[in-house]
Structures are given as C-alpha cells and as structure tokens.
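Open the model in your viewer and keep the selection tool ready. The tour stops at one ligand, then the other.

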Amino acid sequence: MQAVFLDKGTFSDGIDLPAPAGVSDYVTYNDTPKDIDLIIERCKDADIIITNKVQIGADVIASLPKLKLIQLTATGMNNVDQDACNKHDVALYNVAGYAVKSVPEHTFMLMLTAMRAGIYYHQKVADGTWLANGNFCLLDIPLIDLENKTLGIIGVGTIGKRVTEIARAFGMTVLWAEHQGQAPRNEDYTAFDEVLARSDVITLHCPLNEQTQHLINQDTLAKMTKQPLIVNVARGGIVDSQALTDAINSEQIIGYASDVFEQEPITSDDPLLTFADHPRVIFSPHNAWGSESAQETLWQMLSKQVADFIDNRS
Ligand SMILES: NC(=O)C1=CN([C@@H]2O[C@H](COP(=O)(O)OP(=O)(O)OC[C@H]3O[C@@H](n4cnc5c(N)ncnc54)[C@H](OP(=O)(O)O)[C@@H]3O)[C@@H](O)[C@H]2O)C=CC1
Ligand SMILES: O=C(O)C(=O)CO
C-alpha cells in the first residue's frame with residue numbers, strides 16, 4: 001500500500017519516522033501548503049494519508065477514490081471532515097494518549113510562568129532593571145501561588161485527568177466542568193457556569209468541535225467572576241480571540257497562557273499579539289505535545305495502528 005505523509009516536518013529532526021509495516025511505498029513531504037489541488041495531486045495514488053495538521057476537507061476526500069485511511073499524527077481530529085470520511089468509507093484514526101506526560105507538564109509550565117510573571121522577570125534580569133533597582137530582589141508584579149487556588153478543568157479526558165493529579169499535588173482544588181448546559185453527570189462533576197464562577201485558573205482540554213467552537217466567548221467570560229487565568233493547550237478555535245482580547249484589556253481575566261491559536265502559525269495581525277509583553281500572557285508555538293518521548297511514543301502507536309489496518313485489509 002502507498003502511504004503519503006504530508007507534513008513530516010512537524011516532528012523534530014532526529015526523530016525516526018520509518019514506514020509502518022505493510023507500507024510498500026512511503027512518500028513523505030516536510031510540509032504541504034493549504035492548496036487543495038496540491039493535496040489532491042500529492043495523494044492521488046495514496047491508500048493512506050498520514051498527517052498532523054493539513055486540512056483534509058470534503059473536496060479532497062471526494063477526489064481520492066483509492067483512499068482507505070487517514071491516520072493523524074495527533075489526538076485532535078478537527079482538521080479532517082469526519083462526515084466526508086464516513087460518506088466515502090475512509091477510516092479516520094487519531095493517536096490517543098501519546099502526550100499524557102508532555103501536555104500536562106506543558107500546561108503547568110504555562111500556568112506557573114503566567115502566575116509568577118516568569119518571562120517579565122527574566123527580561124528584567126537581562127535588561128539591567130534588576131541591577132538598577134539595587135535591592136537583592138525585584139518584586140513589582142505579584143507572584144501568585146497555585147496552592148489553595150481553584151482550578152477549573154474543561155475536558156476531563158486523558159490529559160485533563162493527569163492535569164488533575166498534578167494540580168492536587170500543588171494543593172489546588174480541582175473542579176471538573178460538565179458540558180455546557182448539562183446537569184452534572186455525577187458528584188465528580190460541577191455545572192459549567194459554576195466552574196466559570198469559582199475558578200482562579202481555567203484550563204481547556206476538550207476537543208474542538210461544533211459544541212466547543214468559541215466556547216470561551218463574551219458571555220462565558222462574563223461569568224468568570226474571580227478574574228481567572230485561562231490556559232489553552234487544546235485548540236485555538238475554542239476561544240473567541242476578540243472576546244478574549246477585550247477580557248484581558250478590561251481585566252475580566254488576569255491573563256492568558258496558550259499553546260494554540262485559531263490561525264497557526266499565528267499571523268502578525270492577530271489581536272492576541274498585542275499582549276506579547278503582558279506579564280501574565282505567555283504563548284508557545286503549538287508544541288505542548290512534542291517532548292521527544294511523546295514523539296517517539298506517538299510514532300510507535302501510529303505504526304502499530306497502520307500495520308494492523310493493513311493486516312485487516314489484506
Ligand atoms: N497542544 C497540543 O500539543 C495538544 C493538544 N491536544 C488537544 O487536547 C484535546 C484533549 O486531548 P485528550 O485529553 O487526549 O482527549 P480525550 O478524548 O481523552 O479527552 C477529551 C475530553 O473532553 C471532553 N469533552 C468533549 N466535549 C466537551 C465539551 N463540550 N465540554 C466539556 N468537555 C468536553 C470529553 O468528555 P466526555 O467524554 O464527557 O464528552 C473527554 O473526556 C485534544 O482533542 C486536542 O485537541 C492534544 C494533544 C496535544
Ligand atoms: O495531538 C494533538 O492533538 C496535537 O495538537 C499535536 O499535534
């Protein structure tokens with residue numbers, strides 16, 4: 001079978017990404033631009049498309065009669081038209097659970113950096129402000145401890161559960177948010193609006209889909225009464241960037257720590273970039289998933305899934 005990997009360059013150099021067993025013709029591209037004709041041209045003989053973030057829409061799927069499997073090198077599946085896959089009998093696989101160390105650790109890196117103004121203070125050491133100040137320490141922006149704070153988690157799956165464990169080790173109270181508008185399914189969950197109202201930090205770990213598109217918007221931000229920090233390592237589209245920008249400006253929220261953006265890479269006109277120097281705003285370039293061990297685990301899991309798929313088809 002032919003497998004075409006459209007965006008191999010999303011992995012680090014040095015991570016070995018051999019053809020999965022059963023793939024006889026393995027074609028790789030470092031990057032595939034958003035150009036439907038180019039994607040179709042590259043995949044016209046493919047039985048299997050492997051991709052991390054290339055958008056595979058209904059037009060592409062309908063134009064590839066040989067296609068049998070789209071295998072994502074990711075957990076989130078929002079870049080593929082799932083209805084079109086069902087319609088054309090194309091299997092769609094993600095890789096679940098590969099980043100259960102990497103993403104939670106990154107979540108806390110972002111959270112701690114924002115709460116303790118880490119980038120701000122690093123710059124003050126480097127630019128001589130600390131020296132000019134004269135005292136042994138500089139403390140002009142408050143450092144906020146996590147202990148005794150309430151953490152609201154939206155999306156209590158593999159990643160949300162590990163974040164729960166780490167948060168409890170920090171001495172935080174954790175609230176698991178029920179889906180918006182639904183009664184809590186059991187005593188472990190708290191109603192969505194109550195989580196917004198009670199949390200000092202809100203962290204997003206749900207998938208991007210029709211229900212979660214712009215879940216964080218003007219209305220939901222207005223329900224955040226404790227001026228929380230929002231952490232987003234899930235998907236940019238879960239947050240309405242303009243509403244978030246307004247909420248930071250009006251101090252409805254204390255800050256925003258994000259690995260993901262509606263447009264990736266972020267473009268220079270994105271309003272969020274106006275906060276590049278804000279002491280409680282920190283961005284990373286969608287790399288929370290990518291510790292070396294997570295990349296290696298991902299490829300092992302993916303290789304087995306693809307090999308099993310080919311086995312079952314032959
Ligand atoms: N930044 C990065 O590098 C990475 C980002 N991600 C993102 O993180 C997301 C979560 O990953 P992971 O934990 O492994 O996935 P899981 O599928 O294990 O967990 C997702 C959880 O979200 C919950 N959920 C779904 N819809 C809603 C909703 N409307 N409101 C509240 N909760 C909801 C689900 O709960 P229920 O079953 O109750 O519906 C489920 O428990 C991925 O979808 C991906 O987008 C993942 C890896 C890396
Ligand atoms: O696994 C995911 O969903 C990611 O976003 C990393 O590619």
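Which backbone N or O atom lies 2.7 Å from an oxygen atom of ligand 2? That atom belongs to threonine 75. The pair is a polar contact (N or O atoms within 3.5 Å; within protein, one must be able to donate a hydrogen and the other to accept it, and residues adjacent in sequence count only if both atoms are side-chain atoms).

Before moving on, note that this is a predicted model, where local features need pLDDT of at least 70, side-chain atom pairs count only at pLDDT 80 or more, and totals for chains, interfaces and linings use all residues. Residues are numbered from 1 along each chain as written, chains are lettered from A and ligands numbered from 1 in the order written, and side-chain values use heavy atoms, without hydrogens and water.

Stay on ligand 2. Select the side chain of asparagine 52: an N or O atom there is 3.0 Å from a ligand 2 oxygen. Next, take histidine 286, whose side chain places an N or O atom 2.7 Å from an oxygen of ligand 2. Alone, ligand 2 exposes 240 Å², and the protein buries 91% of that (Shrake-Rupley method, 1.4 Å probe). Now show the surrounding residues (a heavy atom within 4 Å). Among them are Lys53, Tyr98, Arg235 and Trp289.

Move to ligand 1. Select its 24 surrounding residues; the closest are Thr158, His179, Arg185, Val233 and Asp259. Then display backbones. Polar backbone atoms of valine 156, glycine 157 and isoleucine 159 lie 3.1 Å, 3.3 Å and 2.9 Å from a ligand 1 oxygen atom. The protein covers 81% of the 930 Å² of accessible area that ligand 1 has on its own.
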